[in-house]
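Here are my notes on the model, point by point. Please read them with the structure open.

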Amino acid sequence: MTRLLVWLRQFGIYRGAVDLYARSGLFRGLVIAFIPVAWILVLTIAPYAQMVLISFYERYPLPPDQTVEFTFRHYGSFAERPLYLTAFIRSFVFASLMTALTLIVVFPVAYFISKVAPRGQRTRLLLLVIAPFWISEVIRSFAWMIMLSNSGAVNSLIAWLGLSAEPFEMLYTNLSLSIGVLYLTSLYMLLPVYSALEKIDSQLLDAAANLGAPAWKRFTRIILPLARDGIVSGCTLVFLLVIGLYAMPQLLGGPGTTLFAATIGQIFSKAGDSWPQGSAFSLILIGAALGYVGLFTVLFQSRRRRRAS
Amino acid sequence: MISQAAGQDTAIELKGIVKSYGTKRIVDDVSLTIGRGLFVTLLGPSGCGKSTLLRIIVGLVTPEAGQVVVEGRDISRDVPHSRPIKMVFQDYALFPHMTVAENIGFGCEMKGMKRDAIAARAQELLALVRLPGLGGRYPDELSGGQRQRVALARALAPNPVSLLLDEPLGALDLNLREEMRRELKAIQRRTGKTFVFVTHDQDEAMSMSDLVAVMRNGRIEQLDAPERLYARPANAFVARFVGTANMLAGRLIKEDGQSLGIEMDGRHFTLPRSRVTSQRQPRIGEVVQLVIRPEAFGFGAGGLEFSGQIEERTFLGGRVQLRLRTKDGRSLLVDAPPHNAEGLGETITLSLPPDRLAILAEEPAEA
Amino acid sequence: MMRLRHFALPAIFWLFVAYLFIPIIVMAAMGFRDSNFVAFPIQNWTTRWYQSVLFDKDIAQSLWLSLKVAVVSTLIALAVGLPSAFLVARTTGIIRAALVAIIVLPAFLPVIVSAIALRMFIGQLGLETGPTAIAIGHAASTIPFVVLMVLTRLNAMNPNIADAARNLGADDVIIFTRIILPYLAPALFGAVMFAMLLSFEDFVRSFFLGGFEQTFPVLLFSKLRFGLDPGLAAISTLVLLISTAIGLYADHFLRRRRMKNGIMS
């Protein structure tokens, strides 16, 4: 391979191109930037730009011989039907609650692995909880459907123990959805929180104890502030993940748990005519979600900055 | 010593090199001629532009102005990968995924040499740097000193006209560094190649070089053999940077053919004009600086006499360094033999032969 | 406090592990149930589901499609992600921050929205819904990870190594093939594994961008909406075992290389 490349250099054209690349920063920039910039323009920016455009169209695709009409109607339709607003608010409440629940469940786990477990075992324990990360959302939902259905594992166990003859209705409820979603989100919380906790020098805790801080003070004054960045990024990841969930709510949730992502999906499975409305709703979701997360991040980071200065 | 003949046969010539980063001139109009077969050191504090100068020579940095001429050919426009000068990097920059032999053979491979020839050349160089049998190892299996030798072998393998070395000993510990100094010098002598060595360590510069260029703020302050650099510094910066120096300010009050009359603290000295080492001759009435090395003083009266009280005494093994305070309030560093028994607070008298100092036509810098 | 450290925390940890693994184990067991319905207890065991499921034409086709899509999308992600990482590595300051933001942002936007935006746009590129569209969609979602993984390694690279090669006579093509690619190899390996697995497990993009051919998660989704059966449990178990094994191997590989490299640099 290298021999070939060295041999190629005896040809003027090849050498010229290679030397031009070495010599000209502009040429070098063009060669390196071409594919990334083209991709960003065509497949990152353009689809969203088109989405913004379509959301203002009266209808899309345009019927022949008709001029483009712009309208805010599709944004307005969001507030018109309580169905949309309910799903929207439910999405945000659900995602917030799931984020909090995930943090509460995962933090002690991350703390155990990073600070309490013997050093030599940490990697192994971490791998144990990371392992299910590679399982598809649909398969995870399926596994919980087997667990929670009326003839599923949990109800069979309850019946076998003689606790109740009637099966509990767990599947297709908020409960089953929450259990399944937690299964999905816990790893997105675990990794950032774990790496933040792992970086905390244990000597800091010893020093704090030596200065007379009791356990809960060490936790609130040392561990929590130092783990804040990891917690914030974990919460951000989890919230954005839950707000965009589509498959799991349909498999594990029921009619009473429709989330906004599903609403958008339904609009799109109708005729092409509904694209403008779907686009408008998508943009509302993005705007609200990023704004919500941005606010959350700023609230936490501003405190940090104040302390630093 | 430098053979004058070797010095006239030019290996590398730099003409008016200028390089700035932002508004700061890193290399400020440097011209330098390096004779073939010499060991030349660029010495200066960090940030003085010496490493940038090396990178300009090999083409890794493009200067705004100036020419690089190698063996009589202007290579300023050549792409870096076709320049005939090889470099040893400060952190060695060995290829971590290649064996030692592959590292050393890389330059030969780029020249399109045959596989056997490359392998033979790698063996030859491993022997030269005294690492026979280590060709199959990976860089992370070597010690710091071994890596340094591999980096040297790798740069020498393609048989470059000259070799540039960018602080190659900086990462080694003290004992190893001294051993490597001798070895580098030996390899340079054996291969007969021109070495351009960059360091901020004056001992390194002095012990290995035929010529030393002292650099500051992108300029070459003085280019000379180590002995002359030490004895005849061109300015106060060089005097202070190379070795330790007492700098005493006086005023030129009399000029008389071959001698100068200098007044200092109300005393008058007559010194030979040949001791003026700055380029410019001082003018009557001007402030001059006298550069006096600590070991230049003799004990007892005679010559130029200084006396003072011992304020500080530092035992340094082969000598004792004393800090004296003269009655005029000047502080002097003086080297004394190790058996010197003068105690703190005692007053002693020193003599200075007039040919052991240097006179600079330069006002003292604001302290 | 001691009680919390030595009793409560390990208990929470192991409960969490149970929560992660029990559903999977139950699902794997369900695959052995000799019945057409999912129910407990499992009285008659059979291996017929595990044996037959691979010969199910629908499932085999969907797995094959998923695999093809994973390979193609990973190749696209590499072809775009690698130069993107180089581009980012060459920039500084605000341009770099903006570039990273625009490259990484797609990973943070709600999946449903990015899938739909692309669904509406592919017509402009002259594409129909189908495998190509899915592959492009998956590539769009994995490029951020490829860029970040390559960039992390690139930032750790000693820049003098490339300069040394250049000084020894290597032109940029040789520097790329002999120095940079081998150096990036572990990151590239990790990125390839990661991109393949992400593509293989994706549902939403495959669902919205797919035509009549279904990838495995989409097929499973539509089958699950009609009812559960032990055969699906069997194939799901097989798929999750394979992807977990690959994922863990890639993780292990990266971890080991990182340690080894830590000594070197």
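1. In this predicted model, 66 residues of chain A are in contact with 65 residues of chain C. On the chain A side of this contact, helix α3 (residues 25-56) of chain A supplies the largest share, 14 residues. By class, the side of chain A that touches chain C holds 54 nonpolar residues, 11 polar residues and 1 charged residue.

2. Chain C also meets chain B: 17 residues of chain C and 18 residues of chain B take part in that contact. On the chain C side, α7 (159-167), α8 (172-201) and α11 (230-264) of chain C are the elements that each give two or more residues. Of these, α7(C) gives the most, with 7 residues. The side of chain C that touches chain B divides into 10 nonpolar, 4 polar and 3 charged residues.

3. Two backbone angles in chain B deserve a look. Most residues other than glycine have a negative phi. B:Tyr92, which is not a glycine, has a positive phi of about 70°. B:Tyr92 sits in the loop between β6 (85-88) and α3 (100-110) of chain B. Is B:Tyr92 buried or exposed? B:Tyr92 counts as buried because it has 23 C-beta neighbours inside 10 Å, and the cut-off for buried is 20 or more.

4. B:Ala93 also has a positive phi, near 50°, and is a residue other than glycine. The loop between β6 and α3 of chain B holds B:Ala93. With 24 other C-beta atoms within 10 Å, B:Ala93 is therefore buried.

Key:
Residues numbered from 1 in each chain as written. Chains lettered and ligands numbered in written order. Predicted model: local features only at pLDDT ≥ 70, side-chain atom pairs only at ≥ 80, totals over all residues. Contact = placed C-beta atoms within 7 Å. Helix = DSSP H or I, 4+ residues; strand = E, 2+ residues; numbered from the N terminus. Nonpolar A, V, L, I, M, F, W, Y, C, P; charged D, E, K, R; others polar. Buried ≥ 20, exposed ≤ 12 C-beta atoms within 10 Å, placed from the backbone.
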